[in-house]
Amino acid sequence: MSQRLGFDGFLGRWIFALLLVLGTYNPSGYSFVTWVLDEETSFGPVIAIVGLILLIGWIFCVRTTFNALGWLGVTLGAALFAAFIWLLVDVGWISMESTGVLTWLTLVVVSLILATGMAWSHVKLRITGQVNVDDVDD
């Protein structure tokens, strides 16, 4: 396998996942969910197209992540990030009453887990030398 994953490769995957997550929902009021739930919005082809593009992105990211990490890996990744947020709360850097900050952190964590799943085959190859069957050239 000639492709190697560097920092820029992971960063690209993370930006993709972050755009997907924040484009779907975020507390700023500028997201697909906010747009669709707005009283002035009526369902039409543009909403359908954007929704389908987001759905395709989510299916791709989630399937890739679960294929790479499995339930155990995703659960452990979520637990690790949750413990890190707990540490931030414990040292007083963020407050449990800061629901906006916690929401943003949760969305960033989801994007990091998705990016890790999309990059995991490269990481596994570099650490163990094992190649996934999907990665072998014909």
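Guide: Helices here are DSSP runs of at least four residues, numbered from the N terminus. The model is predicted.

Visitor: Where does Ser-31 lie?
Guide: Ser-31 sits in the loop between H1 and helix H2 (32-37).

Visitor: Why does Ser-31 count as buried?
Guide: Buried means under 20% relative accessible area. Ser-31 has 9% relative accessibility, so Ser-31 counts as buried.

Visitor: Which residues does Ser-31 touch, not counting residues up to four places away in sequence?
Guide: Leu-22, Gly-23, Thr-24, Tyr-25 and Asn-26.

Visitor: What makes the link between the side chains of Ser-31 and Thr-34 a polar contact?
Guide: The cut-off for a pair of N or O atoms is within 3.5 Å. The side chains of Ser-31 and Thr-34 are joined at 3.0 Å, so the pair meets that cut-off.

Visitor: What is in the largest nonpolar core?
Guide: That core has 10 residues, among them Ala-17, Val-21, Phe-32, Ile-47 and Met-118. Helix H1 (7-24), helix H3 (45-90) and helix H4 (99-128) each supply at least two residues of this core. A second, separate core has eight residues, including Val-74 and Ile-113.

Visitor: Which residues is Val-21 in contact with, leaving aside neighbours within four places in sequence?
Guide: Val-21 contacts Trp-58, Leu-107, Val-110, Ser-111 and Leu-114.

Visitor: What is the pattern along the sequence?
Guide: The pattern reads α-α-α-α. The chain has four helices and zero strands.

Visitor: How much of the chain is buried?
Guide: Buried residues make up 26% of the 138 residues.

Methods:
Residues numbered from 1 in each chain as written. Predicted model: local features only at pLDDT ≥ 70, side-chain atom pairs only at ≥ 80, totals over all residues. Heavy atoms only, no water. Core = buried A, V, L, I, M, F, W, Y, C linked by side-chain atoms within 4.5 Å. Buried < 20%, exposed > 50% of the residue type's maximum accessible area, 1.4 Å probe, protein only. Contact = heavy atoms within 4.5 Å. Polar contact = N/O pair within 3.5 Å; in protein donor to acceptor, adjacent residues only side chain to side chain.
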